[in-house]
Amino acid sequence: MSILDDIKAYKLADVATRKEARPLAEMHAAARDTERPRDFEGALRRQMALGYALIAEIKKASPSKGLIREDFDPEALAKAYAEGGAACLSVLTDGPSFQGDDTYLRLARSACDLPVLRKDFMFDPWQIAESRVLGADCVLLILAALTDEEATALEDAAIEYGMAVLIECHTAEEVDRAKLLRSPLVGINNRDLGTFVTDTAITRKLARNVPGDRLIISESGLSTRQDLAQMARYGIRCFLIGESLMREANVEAATRELLRAPWTPEAE
Ligand SMILES: O=P(O)(O)OC[C@@H](O)[C@@H](O)c1c[nH]c2ccccc12
């Protein structure tokens with residue numbers, strides 16, 4: 001069984017229990033009743049016009065690295081990322097694999113003005129409604145874990161609640177499948193979720209197949225200004241970064257330093 005199968009099994013069991021407490025009709029009504037989500041795509045595009053756009057991730061632990069950050073305060077981290085110049089936040093809410101929690105999302109979002117991605121594993125439209133109720137402005141759809149039909153149903157639900165959708169791909173085939181969906185946000189994960197092997201060349205290889213009207217976000221394994229400059233040479237200026245920033249003592253300063261003076265062709 002691959003790790004994604006394993007995650008799907010515990011996630012569906014967890015959703016079944018949560019659903020008993022709040023059935024779909026009730027969660028759907030609550031989601032429709034929330035305030036307008038913050039503009040995730042707009043925040044990325046505004047920052048890209050000025051340089052790099054960063055989705056900064058709040059992640060305590062991961063299955064490949066174990067505990068990443070001991071001193072873990074989601075509110076302080078959200079403020080540090082916002083002050084350091086991030087465009088958006090990503091908050092892990094999955095407990096079993098990432099030591100995440102739904103409350104981390106609420107705390108991070110209320111500590112700043114940034115739009116927030118709920119980083120979790122979505123299989124059931126009920127989870128999309130729940131994400132909006134928790135305050136998420138964007139959800140992640142991992143194509144490696146979903147059929148086209150499932151991805152479409154989840155995307156439709158997110159769009160109905162006014163949320164953005166980050167479509168995650170890791171292979172050329174998944175990039176082709178992303179074209180069947182409506183969301184312009186295409187994440188290319190440099191990490192293989194089955195083996196945890198991370199190779200930042202994956203973004204450059206797959207970017208060629210992404211239509212020009214989509215916004216490419218390079219995800220995972222990025223840590224230095226050189227990493228970002230290297231991507232920018234290929235026209236990719238939007239990044240999702242977690243671990244390397246989570247390991248910094250001063251997250252705000254590290255974020256600011258990473259985003260300082262973006263690479264431009266003129267500078268070469
Ligand atoms: O911590 P990193 O290597 O900077 O990566 C961040 C993010 O891309 C990674 O956490 C991630 C990308 N896709 C995911 C899907 C599920 C869980 C986690 C992820």
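Me: What pLDDT does the protein chain average?
Reply: The protein chain averages a pLDDT of 97. At least 70 is the score for 99% of the residues. Keep in mind that this is a predicted model.

Me: And which ipTM and pTM does the model score?
Reply: Both come out at 0.98: ipTM 0.98 and pTM 0.98.

Me: Now the ligand. How many residues surround it, and which are the closest?
Reply: The shell holds 15 residues. Glu 219, Ser 220, Ile 241, Gly 242 and Glu 243 are the closest.

Me: Which elements give two or more residues to that shell?
Reply: Strand E10, residues 238-241, and helix H12, residues 243-246. Ile 241, among the closest residues, falls in the E10 range. Glu 243, also among the closest, falls in the H12 range.

Me: What does the UniProt annotation cover?
Reply: The unreviewed UniProt entry carries "domain: Indole-3-glycerol phosphate synthase" over residues 4-258. In the model, that span is 47% helix and 17% strand. Its end C-alpha atoms lie 31 Å apart.

Me: Next, helix packing. At what angle do H4 and H13 pack?
Reply: Helix H4 spans residues 74-84 and helix H13 spans residues 251-259. They pack at about 30 degrees, with axes 8 Å apart.

Me: Is H4 roughly parallel or roughly antiparallel to H13?
Reply: Angles under 35 degrees count as roughly parallel. The H4 and H13 angle is about 30 degrees, so H4 is roughly parallel to H13.

Me: Is the crossing of H4 and H13 left-handed or right-handed?
Reply: The crossing of these two helices, H4 and H13, is right-handed.

Terms used: Residues numbered from 1 in each chain as written. Predicted model: local features only at pLDDT ≥ 70, side-chain atom pairs only at ≥ 80, totals over all residues. Near = placed C-beta within 6 Å. Helix = DSSP H or I, 4+ residues; strand = E, 2+ residues; numbered from the N terminus. pLDDT = per-residue confidence, 0-100. UniProt positions renumbered as here; feature names shortened; annotations may be inferred. Axes fitted to C-alpha atoms, helices over the stretch in contact; angles between N-to-C directions. Parallel < 35°, antiparallel > 145°, perpendicular 65-115°, else oblique. Left-handed = near helix turned anticlockwise from the far one by under 90°.
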